[in-house]
Amino acid sequence: MKVYPIKFNPILKEKIWGGNKLNRVLGKDTDNDNVGESWEVSDVEGNVSVVKNGAYKGSSLKELIKTHKSDFLGTHNFDNFGYNFPLLIKFLDAKTDLSVQVHPDNEMAKKHHNSFGKTEMWYIMDSDKNADIVLGLKDKNTNPEVLNHITSENVDEIFNREKVTKGDSYFIPAGKIHAIGAGVLAAEIQQTSDITYRVYDWDRKDDNGQKRELHTKLAEQATKQFDSNGKSNYTLKKDSCSSLANCEYFTTNILDVSNSQEKSYTHLDSFIIFMCVEGKVDITAGEQKETLITGETIILPANTEQVFFNSNNSKLLEVYID
């Protein structure tokens, strides 16, 4: 398979909670003021990414996997996932709070939806003053049955909220109650799944005056308790790589680039994704160079050996399956 930094056309999603930062801050091509998500790399049915540059321009992500198999995915990934891409990569803009929600694990998702579960992580790219997120229940001994009885009067007593700021990173395993709060711009890495159980939606109504459906009974079954809030404790070092999350579904590091550097991936049996979360960087792989600016994403096939980076000041999320 030809090695080069592959870009895809973003798939933009209007959301009841979306805003205009994906356009205004990240430069996505939209005039709408309620765009909540930009799907950067997607194999979700009906929303499969299409290549926008280079030798494979016009090919879908599905076609790349079908044609190049383990050269694109990696041998281990192809053995595990076949012709399915295992991750969904997004940028999110929350103008208002997302619904409080929970995702099923693999076992529950397989049983109810014939799908993968949804473990994910967030990297906070920017946040308004006093922006926060919902992470779990305030009292870890609370019976999940309480999710069937959330109201505007008791919601603040039930859910744990945490202030966030630029550079924070959180790991959200399947089964953890969560919600991104108003004013947060984030990068999200997750298993390929679009299954969400809404627990509480702040009593808001859509354009037709209807409240969105809740899934509290399924959420009650899916909810698990966790001791950690999942916040990554990392120290960013110049021209170095720091770990943000490492689980069976993905590994995510943050790479600081303030000079020219080279990385070898000969040891890695996986595709590599880079999300630019700050600044601008030139990435060269094979014989092709691509410039990545804040809010852009590229993927490198698993047969990539060397990658060259050049930037005065940029930060990249490096994502692969170890």
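How many disulfides does the count come to?

## Cysteines

In this predicted model, the count comes to 0 disulfides. A disulfide is a covalent bond between the sulfur atoms of two cysteines, and here a pair would have to lie within 2.5 Å to qualify. The sulfur of Cys 241 is 14 Å from the closest cysteine sulfur, which belongs to Cys 276, and that is too far for a bond. Cys 247 is likewise in no disulfide, since the nearest cysteine sulfur, that of Cys 241, is 16 Å away.

The surroundings of these two residues can also be described. Cys 241 has a relative accessibility of 33% and therefore counts as partly exposed, whereas Cys 247, at 18% relative accessibility, counts as buried.

## The largest nonpolar core

In soluble globular proteins, nonpolar side chains tend to be buried together. The largest nonpolar core of this model holds 40 residues, of which Ile 6, Phe 72, Phe 85, Phe 250 and Leu 317 touch the most other members. Several elements each supply at least two residues of this core, among them strand S2 (35-41), helix H2 (61-73), strand S14 (241-246) and strand S21 (314-320). The element that gives the most is H2, with 5 residues.

When its neighbours within four places in sequence are left aside, Leu 317 is in contact with residues including Tyr 123, Ala 187, Ile 189, Leu 244, Ile 254, Ile 273, Phe 274 and Val 277.

Notes: Residues are numbered from 1 along each chain as its sequence is written. This is a predicted model: local features need pLDDT of at least 70, side-chain atom pairs count only at pLDDT 80 or more; totals for chains, interfaces and linings use all residues. Side-chain values use heavy atoms; hydrogens and water are left out. Buried means under 20% relative accessible area, exposed over 50%, partly exposed in between (1.4 Å probe, protein chains only). A nonpolar core is a set of buried Ala, Val, Leu, Ile, Met, Phe, Trp, Tyr and Cys residues joined through side-chain atoms within 4.5 Å. Helices (H or I, at least four residues) and strands (E, at least two) are DSSP runs, numbered from the N terminus. Contact means heavy atoms within 4.5 Å.
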